[in-house]
Protein chains: 4
Amino acid sequence: MTTDRDQACFEAGIKFGALYHQFAGTPVSPESAPSLETAIEESIENQPFCESVSVDILTDELDVEHGYTELTGEYMEVEIVVDHEGVEVVAEMAMEDGYPLMKLDEIRNERSE
Amino acid sequence: MTTDRDQACFEAGIKFGALYHQFAGTPVSPESAPSLETAIEESIENQPFCESVSVDILTDELDVEHGYTELTGEYMEVEIVVDHEGVEVVAEMAMEDGYPLMKLDEIRNERSE
Amino acid sequence: MTTDRDQACFEAGIKFGALYHQFAGTPVSPESAPSLETAIEESIENQPFCESVSVDILTDELDVEHGYTELTGEYMEVEIVVDHEGVEVVAEMAMEDGYPLMKLDEIRNERSE
Amino acid sequence: MTTDRDQACFEAGIKFGALYHQFAGTPVSPESAPSLETAIEESIENQPFCESVSVDILTDELDVEHGYTELTGEYMEVEIVVDHEGVEVVAEMAMEDGYPLMKLDEIRNERSE
């Protein structure tokens, strides 16, 4: 048996894995970062149960020795909100100990509150 | 508050999103399918909490009019097992109604049984 | 020995392969297509020797039965202009016979003309 | 007008761009590197005009502090051979000055020699 809460957490994970592995490796510079942020947000928001996606590319951190670099977890902070049948999950990704950690931030059962 | 069960479901989702969006678009033919299956399995098994990944590329379904095609959800079945602090999640992906559906199959709390 | 013309053709190919395999699989809908077009253009334009990239996502063609689909060659037309040491290459991608064909369109040696 | 030599250089570039942007970001460890090398080689060899692909993942260089890392140009050396109507192009990718440089190595016109 799986619950709506299980499903909501599962769906939040799918969005993070998709976002990261679809866009990791994209050439990015401080100038092109804003359009990439918007495209990542709007593309992942297409996915089922996805309420909102917020991507912040850390332009100050980008290695621009060659004019641009490839997007990796080191250069972005992400928050995703998923809603599955009234259970809302907020999850985020940020660097922790040199690793782009994806974690559950908050789970709200909107029907029971 | 999040539980180990929540985390396990979240982690299972991450693996599915990662697998799909890392490898979708890879050129594949019946001849190259076996090496791709193995590489997908072994690469995703590197990720944290991932116990096992099983990928079956449906070689009979591949469109080979041009000798090869691009891998999409239409052409693969996947099972992933994640273990987070004793909570084991089995999830799978298969076509359903023309859409590659990822779903939770089973959740087992190994500590309480 | 390789010439500037060889290099320019090689660089044009790199941009096409990069563009296609970076963004194939991205979730896209008629609503999110414009931001994705811009992001693809600006990200690939970061690459060395790349003068301009023009991407047209064929929103009328998108399969939206599930609200969105995954970007593939079937849904986009692309023109890329590369300049390597005065040799300008124009290349394009469009569907031909059910296959997203990338081809050289024009090569101009700007120094000798 | 474009020549077979132009086309061969263009096709070699496509293979490099495709290889890099399809597989950059893949989770890789010293244990899973061999299967990934084989899968990359066999998948890209499916593409038109591609004679052979040789991928060497530099397992000694992999950052394994977290057990695995993500594949980038820093960790691989690649040689690709393309043949377009008798013109053979050998191209390679290796790190140069902190940047994964793709370059034409040799062009042979097999018909005229």
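**Relation of the copies**

I superposed chain A on chain C in this predicted model, and a rotation of 180° with 0.0 Å of shift along its axis does it, at an RMSD of 0.0 Å. That relation is the one a two-fold axis gives. I then looked for the C-alpha of chain A nearest the axis, and found that of A:Ala39, which is 3.1 Å from the axis.

Next I asked through which surface the copies meet. Of the interface residues of chain A, 100% are also interface residues in chain C, so the two copies meet through the same surface.

**Helix H1 of chain A**

I checked the length of helix H1 of chain A, residues 4–23, against expectation: at 1.5 Å a residue its 20 residues should span 28 Å, and the end C-alpha atoms are 29 Å apart, which agrees. Is H1(A) mostly covered or mostly open? I noted that 18 of the 20 residues of H1(A) are buried, so-called here for a relative accessible area under 20%, and that the helix is thus mostly covered. Just after H1(A), I found A:Gly25 with a positive phi of about 100°.

I turned to strands E5 (residues 87–96) and E6 (residues 99–109) of chain C, which run antiparallel and are joined by 10 bridges.

Key
Residues are numbered from 1 along each chain as its sequence is written. Chains are lettered from A and ligands numbered from 1 in the order in which they are written. This is a predicted model: local features need pLDDT of at least 70, side-chain atom pairs count only at pLDDT 80 or more; totals for chains, interfaces and linings use all residues. Side-chain values use heavy atoms; hydrogens and water are left out. Copies are superposed by least squares on the C-alpha atoms of residues with pLDDT of at least 70 in both. Contact means heavy atoms within 4.5 Å. Helices (H or I, at least four residues) and strands (E, at least two) are DSSP runs, numbered from the N terminus. The expected span of a helix is 1.5 Å times one less than its number of residues. Buried means under 20% relative accessible area, exposed over 50%, partly exposed in between (1.4 Å probe, protein chains only). Two strands pair if DSSP finds at least two bridges between them.
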